[in-house]
Amino acid sequence: MRGPVLDTYREVITPEGVALQLPAAGPVPRAVAWGVDLVVRIALMFVISLLLGLLGKLGSGLTLIAAFLVQWGYMIVLEALWHGQTLGKRTMGLRVVLANGAPIGWPAAITRNLLRVVDMLPFAYAAGLLVSLVDPCARRLGDLAAGTLVVHAERRERSGQAPVNAVFVPPATLRPEEQAAIVAFGERAPRLTPERQAELADLAEPLTSARGPAGVLRLFGMANWLLGRR
Amino acid sequence: MRQEQFVARHQREWSEFEIWLHTRADARRAQGARNTGVLGDDAMPQRYRRIAQQLSLARRRGYSPQVTTRLQDMLEQGHQVLYRTPPVRWRAALEFLMAGFPRLVRSEALCMWVALVLFALPLVGITVLLQYRPELIHAFMDPVQVAQMEQMYDPSNPRIGRDSGGDWQMFGYYIMNNIGIGLQTFASGLLVGVGSIVVLVSNGMTIGAVFGYLTQIGSGGPLWSFVCGHGAFELTAIVIAGGAGLQLGLHWLAPGRRTRGQALVEAGMKGARLCMGVAFMLLVAAFIEAFWSSIASVPYLVKYTVAGVLWSGVLAWLWRGGRNRVDKDGDAR
């Protein structure tokens with residue numbers, strides 16, 4: 001159907017037989033998200049230890065318990081309860097899902113976060129980074145063992161409508177992907193500068209036999225025709 | 001059909017579904033409120049399937065990304081709602097602890113026995129060795145640690161097993177330290193099991209060195225009475241965590257009639273559930289260690305009796321727990 005595309009989409013076939021595309025997130029946004037979480041956790045521990053410090057020895061015991069919970073539980077609880085997102089992942093627009101695109105539950109959240117210990121080896125997440133560079137979906141070891149995947153959750157904003165002007169019938173029969181490209185141009189071009197529009201439309205000169213603004217208008221016309229406005 | 005007509009025809013259906021996703025998709029939020037939208041909750045799966053069909057139509061007809069992305073978004077969110085994992089229930093958690101966990105441990109009996117041998121052999125071996133060659137303690141520990149240890153288990157100490165710190169403080173310390181070690185013992189099994197083996201053997205050696213040396217110099221009484229109680233939970237938990245790590249490595253090495261990835265995922269899930277039990281056991285151990293084991297005024301006889309009860313309780317739990325029930329491991333996860 002489609003040629004090979006250079007992309008990090010992972011296609012998952014749902015039980016309904018539709019291919020869901022999960023855009024896997026690479027190591028860099030994930031590392032940034034981890035950094036944000038680290039800052040949050042340190043701040044959290046700072047506040048907790050200040051408050052519990054007032055309680056003396058009982059307080060210092062409770063502080064240690066809190067440190068344990070924050071260290072091991074922060075990621076697990078947030079990912080399991082908050083649709084696979086921690087605070088850091090939310091700021092970076094990431095989300096953890098199961099390999100089949102379903103939300104992660106407790107066992108998967110626990111597995112992938114416990115195994116962080118191994119991904120951290122020998123220092124600074126080197127093992128996790130190496131594995132995620134090799135894996136096509138950029139999964140680290142913990143992800144592999146838990147059967148999870150980190151994806152970009154935020155979709156790009158929806159593009160506008162194609163401007164309605166004249167309708168222009170394409171001079172030749174177009175293949176489906178060519179039709180899709182022209183329609184996509186019609187919908188996205190209004191967000192580009194006139195110069196860029198013209199530059200792109202010039203690529204289709206053999207079809208429109210016009211350059212510059214005239215070519216742009218003809219392409220818009222063809223998009224309208226393909227969209228069924230006549 | 002042209003794209004515009006297609007969109008116009010289904011527009012209403014799609015916005016209804018989007019409204020439903022906004023207002024009803026979050027189970028917790030939707031619980032209290034009534035469904036006032038056009039689309040009923042029970043009609044949602046059907047609508048979801050219709051949209052799935054429309055997406056594949058749109059893709060095949062080469063409609064623009066604008067349409068397919070919107071459909072794809074709706075499907076993705078619908079998928080998240082339809083296939084989400086059921087919420088955790090307290091009853092299920094209790095059932096897991098009483099029946100599911102012991103059954104899980106027994107299902108990996110071989111790894112557990114191997115872990116036990118890896119842990120207990122160096123422990124006992126070094127304990128016995130140090131009875132005859134006590135100077136060998138310096139091969140395992142530096143003098144500062146030895147002195148600290150001697151002081152902690154000094155028979156004249158009012159609190160056994162610590163040089164400073166109150167009960168609560170030590171409770172917190174034990175939780176952070178011991179559960180952390182337990183979880184790491186499991187996780188390092190991902191290194192083809194080698195990590196778990198190293199942790200088990202080295203822990204066995206260190207504990208053996210402490211036991212052997214202190215017994216030899218005559219601090220055996222406080223030490224054994226201190227350890228015997230919480231050891232029932234702590235030592236077994238370490239062995240189970242090691243076993244969980246070993247089975248992870250083993251399934252990775254020898255996946256059998258599955259793909260390696262599949263085997264790893266299954267072993268990982270199993271290990272995570274074992275870890276939940278291990279964490280619980282270590283929590284109990286930390287409690288006993290902080291508030292019971294350290295009391296020096298209790299006569300040894302009482303300590304040993306309580307320890308006997310605890311040990312037989314733990315072993316009976318692991319051996320018999322969940323045997324009389326129908327095996328429903330599948331839906332326990």
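Is B:V192 buried, exposed or partly exposed? At 36% relative accessibility, B:V192 counts as partly exposed; buried means under 20% relative accessible area, exposed over 50%, and partly exposed in between, with a 1.4 Å probe and protein chains only.

Before I continue, a word on the model. This is a predicted model, in which local features need pLDDT of at least 70 and side-chain atom pairs count only at pLDDT 80 or more, while totals for chains, interfaces and linings use all residues. Residues are numbered from 1 along each chain as its sequence is written, chains are lettered from A and ligands numbered from 1 in the order in which they are written, and side-chain values use heavy atoms, with hydrogens and water left out.

Helices here are DSSP runs of H or I with at least four residues, strands are runs of E with at least two, and both are numbered from the N terminus.

Let us turn to the interior. A nonpolar core is a set of buried Ala, Val, Leu, Ile, Met, Phe, Trp, Tyr and Cys residues joined through side-chain atoms within 4.5 Å. The largest one has 85 residues, and B:I240 is among those with the most contacts inside it. Helix α11 (residues 220-253) of chain B gives the most to this core, with 14 residues. A second, separate core of 22 residues includes B:W14 and B:F17.

In chain A, strand β3 (residues 94-98) and β4 pair in the antiparallel sense over five bridges; pairing requires that DSSP finds at least two bridges between two strands. A:V96 stands opposite A:V150 in β4(A). Four of the five residues of β4 (residues 148-152) of chain A are buried, so this strand is largely enclosed by the rest of the structure.

Finally, the charged side chains. The structure holds 17 salt bridges over all chains, each being a side-chain nitrogen of Lys or Arg within 4 Å of a carboxyl oxygen of Asp or Glu. One of them joins A:R140 and A:D119, at 2.6 Å from N to O. A:R140 lies in the loop between α6 (126-134) and α7 (141-146) of chain A and A:D119 in helix α5 (residues 116-119) of chain A, so the pair ties together parts that are 21 residues apart in sequence. Both partners count as buried, A:R140 at 5% relative accessibility and A:D119 at 0%.
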